[in-house]
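Q: Could we go through the contacts and strands of this one together? Please give the cut-offs as you go.

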Amino acid sequence: MFLQQSVLLSLCLWMTSTSAFAPLSHANVAKRSIISSSSTATSTTTKLNENLDGEDIRGPITPLGNFVLVRTKDALSATAGGILLPDQSKERPTEGEVMAAGPGKLHPYTGVRIHNPLKTGFSVLYGKFTGTDIIYNEEPMTMIRDDDVMLYYEGVQMTRDNVVPCRDFVLVELSESAMETKSGIVVAASVTKDDLPCEGNVFKVGEGRMCSTGEFTPSPVQIGEKVKFKDYAGNDVKIDGKEYSLVRMVELLCSIPVVEEPVSA
């Protein structure tokens with residue numbers, strides 16, 4: 001009899017404790033749910049740290065197709081001691097740094113993906129009035145296409161070694177002889193600024209001009225050839241103190257044979 005009473009008492013105590021703590025358990029679950037929702041909302045709010053044209057956005061923007069996000073930078077030149085100074089000439093096209101780049105455009109007829117040669121961190125040269133200006137994260141930037149880029153390079157500043165003409169551009173080293181008069185007097189570049197020579201030697205060539213298959217046809221000229229191009233077709237740029245011109249392949253008029261000077265005995 002005593003054993004039965006002990007069992008009944010234990011059973012009653014167990015039922016009482018279960019009913020008492022069940023609501024508390026549900027309350028804890030609800031409380032945890034509220035805390036979780038609050039922390040999620042907080043984390044979502046903290047992600048809104050990007051800004052485009054004065055409006056907050058949830059994350060960094062991603063250029064599509066062959067668009068490239070570029071941050072314009074000042075043209076710089078280095079002294080003999082390696083100190084970077086603003087370029088006073090301002091004769092070259094707009095220079096910028098690639099912040100993000102799309103995968104490349106699709107060919108309109110074949111649907112072939114044409115790769116984008118530009119990557120984040122590259123420096124590029126493009127036309128002064130090219131692209132669409134935006135304000136991204138409180139900084140003025142420009143959206144351009146990879147087709148608008150004339151030249152790109154990696155490093156602090158462009159040199160003869162690191163520059164790469166983009167696509168169908170050819171980098172022509174202007175002939176110094178064209179800067180001289182018939183009497184042999186060298187004319188200052190500032191005097192001939194509006195009458196720069198339209199011929200020179202091919203220094204570097206791009207990968208070529210795109211055809212319908214999405215592939216690139218090679219350049220019609222080779223490095224070292226002397227060429228003549230259309231007036232006002234070139235984009236002047238100074239690299240390592242020398243004058244160059246970036247010309248599209250279709251703007252090249254002809255290849256000029258070089259007359260070999262006779263070797264003196």
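A: A word on terms to begin with: a residue is buried when its relative accessible area is under 20%, exposed when that area is over 50%, and partly exposed in between, using a 1.4 Å probe and protein chains only. Strands (E, at least two residues) and helices (H or I, at least four) are DSSP runs, numbered from the N terminus. This is a predicted model, in which local features need pLDDT of at least 70 and side-chain atom pairs count only at pLDDT 80 or more, while totals for chains, interfaces and linings use all residues. Residues are numbered from 1 along each chain as its sequence is written, and side-chain values use heavy atoms, with hydrogens and water left out.

Q: Okay, E12 then: how many of its residues are buried?

A: Five of the five residues in E12 are buried, so the strand counts as mostly covered.

Q: And what does E12 pair with in the antiparallel sense over four bridges?

A: That partner is E9, where two strands are taken to pair if DSSP finds at least two bridges between them. Within this pairing, valine 124 stands opposite tyrosine 152 of E12. E12 is also joined to E13 by two bridges, again running antiparallel, and there leucine 151 has proline 165 in E13 as its bridge partner.

Q: Which aromatic pairs does the search of the whole structure find?

A: The search finds two aromatic pairs, the criterion being that rings of Phe, Tyr and Trp (its six-membered ring) have centres within 6.5 Å, with planes under 30 degrees apart called stacked, over 60 edge-to-face and the rest tilted. One of them joins phenylalanine 122 and tyrosine 152, which is stacked because the ring centres are 5.6 Å apart and the planes lie at 10°.

Q: What order do the strands have in the open sheet of six?

A: The order is E19-E20-E14-E15-E18-E21, with antiparallel pairing. E19 and E21 stand at the edges with a single partner strand each, which means that one side of each has no neighbour in the sheet. Neighbouring strands of this sheet are turned by 45° against each other on average, direction ignored, the axes being lines fitted to C-alpha atoms (for helices over the stretch in contact) and angles running from 0 to 180 degrees between N-to-C directions. E15 and E18 run antiparallel and are joined by three bridges, with glycine 200 having valine 227 in E18 as its bridge partner.

Q: Switching to charges: how many salt bridges are there in the whole structure?

A: There are 13, each being a side-chain nitrogen of Lys or Arg within 4 Å of a carboxyl oxygen of Asp or Glu. One of them joins aspartate 168 and arginine 248, whose closest N and O atoms are 2.7 Å apart.

Q: What about glutamate 139, what does it form a salt bridge with?

A: Its partner is arginine 71, with the closest N and O atoms 3.4 Å apart. The two lie in distant parts of the chain, 68 residues apart, with glutamate 139 in strand E11 (residues 139-145) and arginine 71 in strand E3 (residues 67-72). Glutamate 139 counts as partly exposed at 30% relative accessibility, and arginine 71 counts as partly exposed at 25%.
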